[in-house]
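Please read the points below beside the sequence and the structure. They are meant for a colleague who has not seen this chain before.

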Amino acid sequence: MIALAAIALGMVALYAYGRYRVSRAERRYPPTGEFVVAEGLRLHYRSRGEGRPIVYLHGGVLTGDDFKEAIELAAAEGYRGIAFDRPGYGYSERPRNGKVTPNAQARLLRKALIELGVDKPILVCHSWSGVLALAYALEYPDELSGIVGLGGGFYPEGYPAEKGDPVSSLITTPVIGALALHTLLPVLGPPLADSILKQTFKPESVPESYRLATRALWLRPSAFKANREDVLAFVPAAREMADRYREIRTPLVLAVGEDDPFETREHSFRLHREVPGSDLLVLPGVGHMIPQLHPEAVMLAIKRLDGQAANASRELPPAVIKSIGASEPSR
């Protein structure tokens, strides 16, 4: 009985510590934008500038702040930059019922944009949200001006969860998952987050401010669970949609780091071959985290898509761009 009581007290202490960490994180990193309601859910977004709308979709770790510098550059160039926290991340709410698939997130995003009066935006997607952007293009083909993919994930092959993901399966298991989120995550999460970031940023360095923000916001139980659900949802969605990618006629520019350590590099090359008229930009010396470390390359890709800079590569030093090419029409 004493042992059971000690275990129970330990669990209560861990739970209390976890709640303290969440409270401290939200005081340190409060919401910095505005909210829009879609399907009864509050979605958090940041908006800068006026003009043609560009909507930024972050990957699987943090928030719309991944594009903080990119939206400022867009505003300075005469665009309106809008960066969302995807459902469950940052300060956006996540649906409680049903699976939150990439298609479901595309539907939520569309309703949010209608509510904001945003018409025919350019979608800029990074990493996980590549499959979300393509879901949007397939479901609402006449409602986009174009897509810019930054190290995007588009296919099931090579994705981490393709052959199963024990951590994601544990976290999304009823009762047991909640227990792990509220007791083990506060202790085991920080070193796990540091390791994931190191792998995600390599061969480049993780900015200290990004590491601290990730420890604070991504390790909240709600955000970490949302991420694990997204990890498990990616492969089925990509597998279901991949055969339809050749149907996409939305203008598409793909930018990928030459040193991207993930399979997403091959995803960009493959999608470039399959989508007629798409452009591919290869960035030498760049890894996976293009929005966070190379906002100027994000702006270059946008202007390339927007047709405002026929010789866009001249706007950056030659070392920044290795190759730009348009895919041949499908036969």
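**Notes on the model**

1. Pro 203 has its place in the loop between α7 and α8 (208-218). Helices here are DSSP runs of H or I of at least four residues, strands are DSSP runs of E of at least two, and both are numbered from the N terminus. The peptide bond that leads from Lys 202 into Pro 203 is cis, with omega near 10 degrees.

2. This is a predicted model, in which local features need pLDDT of at least 70 and side-chain atom pairs count only at pLDDT 80 or more, while totals for chains, interfaces and linings use all residues. Residues are numbered from 1 along each chain as its sequence is written, and side-chain values use heavy atoms, with hydrogens and water left out.

3. A nonpolar patch on the surface is formed by Tyr 17, Tyr 20, Leu 184, Val 187 and Leu 188, with about 480 Å² of accessible area together. Accessible areas come from the Shrake-Rupley method with a 1.4 Å probe, and for residues only the protein chains shown count as cover. Patch residues have over 30% relative accessible area and no salt bridge; like charges are joined within 9 Å, and nonpolar side chains (Val, Leu, Ile, Met, Phe, Trp, Tyr) within 5 Å. A salt bridge is a side-chain nitrogen of Lys or Arg within 4 Å of a carboxyl oxygen of Asp or Glu.

4. Which helices supply the patch with at least two residues each? They are α1 (2-28) and α7 (185-201). Tyr 17 is found in α1. Its relative accessible area is 36%, so Tyr 17 counts as partly exposed (buried is under 20%, exposed over 50%, partly exposed in between, with a 1.4 Å probe and protein chains only).

5. Strands β1 (residues 34-38) and β2 (residues 41-48) run antiparallel and are joined by 5 bridges; two strands pair if DSSP finds at least two bridges between them. Val 37 has Arg 42 in β2 as its bridge partner. The two strands form a hairpin with 2 residues between them.

6. Ser 145 sits in the loop between α4 (129-139) and β6 (146-150). Is Ser 145 buried or exposed? Its relative accessibility is 16%, so Ser 145 counts as buried. The side chain of Ser 145 makes a polar contact with that of Arg 52, at 3.3 Å. Such a contact is a pair of N or O atoms within 3.5 Å; within protein, one must be able to donate a hydrogen and the other to accept it, and residues adjacent in sequence count only if both atoms are side-chain atoms.

7. A polar atom of the Ser 145 side chain also lies 2.6 Å from the backbone oxygen of Lys 120. Lys 120 belongs to the loop between α3 (102-116) and β5 (122-126). Its phi is positive, near 45 degrees, in a residue other than glycine.

8. Helix α12 (residues 295-306) has 12 residues and reaches 17 Å from its first C-alpha to its last, close to the expected 16 Å, a span taken as 1.5 Å times one less than the number of residues. Of its 12 residues, 10 are buried, including Lys 303 and Asp 306. Gly 307 follows α12 with a positive phi near 75 degrees.
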